[in-house]
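Please look through the sequence and the structure shown here before reading on. The report that follows goes through a few of its parts in turn.

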Amino acid sequence: MKELIINHFRTLLRRYKAQTFFLVLMVFLTSFLMSIFVNLWVTYSQGISEYSNSLNMETASFLPDVKVKQEDLADKYHMDIQKEEYKVIQDGSKIYKLFTNEDKKINKYTIIDGRNVRNEDEVLVDPDFLEANGVGIGEQLNFSNQTYTIVGTFILPNQVVPTIDVNKMYNSKNQALIILTTPAFHKIDASLQFYYSTNASEEQLEELINNEQLQYILKADDNPEISPLLSKFQLIKMIVGISGNLLVIIVCIVLIMALVQNINDDKKILGILKGEGYKDIQLILSYFQYAFIATWTALLGSMVGVLFVPMVIKLLNTNITMHLEINILQEVLINFIICSILGTIMWIVSVITANVLLSKPALALIRQPFMESGGKLRLYSSMNIEKILQLKLITRRTLIIILVVFAGYALSGQFIFGQAMYQLSDNISVESVRGINYNANVIFKDATEDYSQDGVRYVRNNVKFDNDQYSLIALDANKDYKEAIGFFSEGGDVDITQQLDEGVIINRLTAVQKNLKVGDTIQVSGSENRQMTLKVSGISQFLQGKEFYTSTKYLLQYDSLEKSFNGIYVKNPDKFAGNDAVMRVITVSDIKNNLIETTTKFKTVGLIQYVIGIILGCAILIMALNIAIFHNRKEISLLLAMGYPLKSVKRITVYSYGYLVAVGLIIGGAIIAPEIKFLFTLFSKASTIFYPVTIPPAIYIEAILASILIFYICAFFFVRRLRKQSFVELFMD
């Protein structure tokens, strides 16, 4: 038994070098990527858990009417409510968002490094600002005509992606979060801004949402200062789910390919050994070398992946202030689990494959016909001899047909999936603002009938649908809706803006999550829990978020909804600068920058996946061609010895497999794209954004041209290698 295993290892390294190399390469890349993404998943999950539990991150924020007291709301709904105060100041090119160091029940800050502030001339600063500006603890920071000593760094759970003044997005180079002592905070000459936060349960929030005394309420999932973290976590889960399953399947198929070739080549010897008394289990165990090598390769790949985790986290967290602790012991354990899973899968696949192939009687294994009967030749008697030989060689072995077709399928699939991942961030950032024609969204403190000439006003009502909070936004029917937003149906080519007068227009995210279509009716509850039936008049191809859009004309039929305007979409936001009636100004440019900053980092991840995917796809194609040509090596030498020109031999024995690769490419192009769209739609259901997937025709052309190029390069080198072997050597092999 020992000698049999050693002999198979020697054969593996001498005769199947190419298969072994590509198997090792694919297992290494698979475990490398899985290590990075699974560690990211666990690290982000623990970070979110710490924010939610240890730091008691808010579940919602809101702003009540001026006459409503915080204590009254807390008593009425039996929940913790906390007033969040802050100031924003600008000092030269730097903008600072200031907070006090008072103890809080909700949104507790935690010190990352250093100590807490004790004196009025001391501050805590977010660590990203210090790193971006090359400043350290113990150094000085000047703002508001004062000099402060930096004594530590901190994080705030409700300031993951801070908005610094009029929704300016956080940029660690010139914007900072700062904590001062309460006396020092109140001495800063800047207007005091505030809102209220709560850690209420879902049931309590449902009651709070229906309170007419609130100007607005924002759940954490919809809060732009928190939700990007949750979106990134969902996207990482999506990558782990899709990539992990896809890569493991590919590795298993490649392992099966290698085992089948190895065992088929040794069938006669195995039949003789079986006839001499070797048991099936002994023969099966002798082919565990691939699983053994794959297990150790998986260990190496996962350990290398660990080294890249901090780098990837830093890349993804460029525009957020979240501090993620990397636990080395935990990463080692995760890698052990990954290797155990991959190794177990490899061993199971090896056992099943070897058992299927070696379960035949000894005589069946020994009998291995070299050529089929000549009956089929007569079927093609009208064809020239070269075409007959081509057809005979490429159809002789069903396994090889499957392998080569699958290689074309896998390569096209990797091209399409890689491109889809790479373009995902662009699709999100572009499609989310497509159709938006205003430059700024001005939100008023109180409802008003003014400013009718300055833009398209709207009425915003908070409604509850299927236990989720949505904003019902009714555009002013006296204006051209397209001055604010243009709505387009799925496909993006049909204008459905006028359907605002016939019902509500929802976005694709809501349609997917709630399984809605045009013409459906939905039951929503407004203030005082009054029930209303709304008609879905359209589904917008673009836009994100939890919003229903309609017109004030459609809104008139519902008495329980607010009819006065509480916001306006404008072209010129400068007119509202310093206006006391304005609560907030959200510019489209800031929304775009936010989306771009949030998704660009995943473009880099998508590019890495794309490159690795192409490497894997090429490896599968090369491996399949190597197996196919390896099985035809004797025929190639025989044809050359018989005087066939080299060009004809290439066409007969090598290039003919290009037809099978083309079949695989066609199948991949037809199946992969719908599969990818379906998978992304599934992940959108569990996410806070819709993942738009576009696969332009250029991707198919790129996949075909690249596959043809790779195929002919491989064929050239394989034929060149075979020419170096003599006729006698090939038949003695």
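A residue is called buried when its relative accessible area is under 20%, exposed when it is over 50%, and partly exposed in between, with a 1.4 Å probe and protein chains only. By this rule Lys517, at 51% relative accessibility, counts as exposed, whereas Asp520, at 19%, counts as buried. This is a predicted model, in which local features need pLDDT of at least 70 and side-chain atom pairs count only at pLDDT 80 or more, while totals for chains, interfaces and linings use all residues. Residues are numbered from 1 along each chain as its sequence is written, and side-chain values use heavy atoms, with hydrogens and water left out.

**Salt bridges**

A salt bridge is counted when a side-chain nitrogen of Lys or Arg lies within 4 Å of a carboxyl oxygen of Asp or Glu. The structure holds eight salt bridges, and the table gives three of them, including the one between Lys517 and Asp520.

| Pair | N to O distance |
|---|---|
| Arg457 and Asp476 | 3.2 Å |
| Lys482 and Asp495 | 2.6 Å |
| Lys517 and Asp520 | 3.3 Å |

In the pair of Arg457 and Asp476, Arg457 belongs to strand 14 and Asp476 to the loop between strand 15 and strand 16 (504-507), so the pair ties together parts that are 19 residues apart in sequence. Arg457 and Asp476 are both buried. Lys482 and Asp495, which also form a salt bridge, are 13 residues apart, and each lies in the loop between strand 15 and strand 16. Lys482 is partly exposed, with a relative accessible area of 38%, and Asp495 is partly exposed at 36%.

Helices (H or I, at least four residues) and strands (E, at least two) are DSSP runs numbered from the N terminus. Strand 14 covers residues 455-465, and nine of its 11 residues are buried, so the strand is largely enclosed by the rest of the structure. Two strands pair if DSSP finds at least two bridges between them. Strand 14 runs antiparallel to strand 15 (residues 468-475), to which eight bridges join it, and Asn461 stands opposite Leu472 in strand 15. Strand 14 is also antiparallel to strand 20 (residues 565-570), with four bridges between them, and here Tyr458 stands opposite Gly567.

Which residues does Thr552 touch, leaving aside those up to four places away in sequence? Taking contact to mean heavy atoms within 4.5 Å, Thr552 touches Val459, Ala474, Leu475, Asp476, Ala477 and Phe565. Thr552 is placed in helix 17 (residues 552-555) and counts as buried at 15% relative accessibility.

**Helix 8**

In helix 8 (residues 267-275), the buried residues are Lys267, Leu270, Gly271, Leu273 and Lys274. Seen down the helix axis, these buried residues fall within an arc of 165°, so they line one face of helix 8; the arc is that of the directions from the helix axis to the C-beta atoms. The face turned away from this buried side carries the exposed residues Ile269 and Gly275. Just after helix 8, Gly277 takes a positive phi of about 115°.
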